[in-house]
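Hello,

Here is the structure I promised to pass on. My notes follow below it.

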Amino acid sequence: MAFTGNYTCNVFKTGLLNGSFDFTSGTFYIALYTNAATLDASTTAYTSVGEASGGNYAAPGQLLVINQTPTTGLSGDTAFVSFADAVWTGAITARGALIYKPGANGAVCVLDFGADKTSVNTFTVQFPPVSNTSAIIRLG
């Protein structure tokens, strides 16, 4: 099955309400996937099925660095968190990614790159600017 869009995973939505996600001290990863992966809102956890390979990419992906712990914007109506860009070296092709925390029910969101993205030297997942209107994870 091909990628079909960007999704906030259902387990993340419920996990926010039951306290199982902590962006102040938790550990989060980003894994890259080919178009053979089946990832959508119902994804519950990291899987190696359809995972990308090549260059210095290795399963289970890369540890993400939180560069903005949860906060609200100047207007105070949107909470947000963001990560530093994830970078790998070498030839890698990926169609999308999964942000997740290790363990069961750890899926946060599915990122669809829109088409295969291929690197020769450096593969970078560039996160949007850190703000209440553009950070990768926002609640408003």
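**Strands and sheet**

Strands S6 (residues 86-89) and S9 run antiparallel and are joined by four bridges. Two strands count as paired if DSSP finds at least two bridges between them. Helices (H or I, at least four residues) and strands (E, at least two) are DSSP runs, numbered from the N terminus.

Before going on: this is a predicted model, with local features needing pLDDT of at least 70 and side-chain atom pairs pLDDT 80 or more, while totals for chains, interfaces and linings use all residues. Residues are numbered from 1 along each chain as its sequence is written, and side-chain values use heavy atoms, without hydrogens or water.

Thr122 in S9 stands opposite Thr89. Side chains alternate along S9 (residues 122-125). Buried means under 20% relative accessible area, exposed over 50%, partly exposed in between (1.4 Å probe, protein chains only).

An open sheet has five strands, in the order S1-S8-S7-S2-S3, with antiparallel pairing. S1 and S3 (62-63) are at the edges with a single partner strand each, so one side of each has no neighbour in the sheet. S7 (residues 92-100) pairs with S8 over eight bridges. Tyr100 has Ala107 in S8 as its bridge partner.

**Salt bridge**

There is one salt bridge in the structure. The side chains of Arg95 and Asp112 form it, at 3.0 Å, N to O. Arg95 is in S7 and Asp112 in S8, so the pair ties together parts 17 residues apart in sequence. The criterion is a side-chain nitrogen of Lys or Arg within 4 Å of a carboxyl oxygen of Asp or Glu. Arg95 is buried, at 13% relative accessible area. Asp112 is buried too, at 16%.

**Surface patch**

Leu16, Leu17 and Leu139 make a nonpolar surface patch of about 320 Å². Patch residues have over 30% relative accessible area and no salt bridge; like charges are joined within 9 Å, nonpolar side chains (Val, Leu, Ile, Met, Phe, Trp, Tyr) within 5 Å. Areas come from the Shrake-Rupley method with a 1.4 Å probe; for residues, only the protein chains shown count as cover. Leu17 lies in helix H1 (residues 10-18). Leu17 is exposed, with a relative accessible area of 81%.

Best regards
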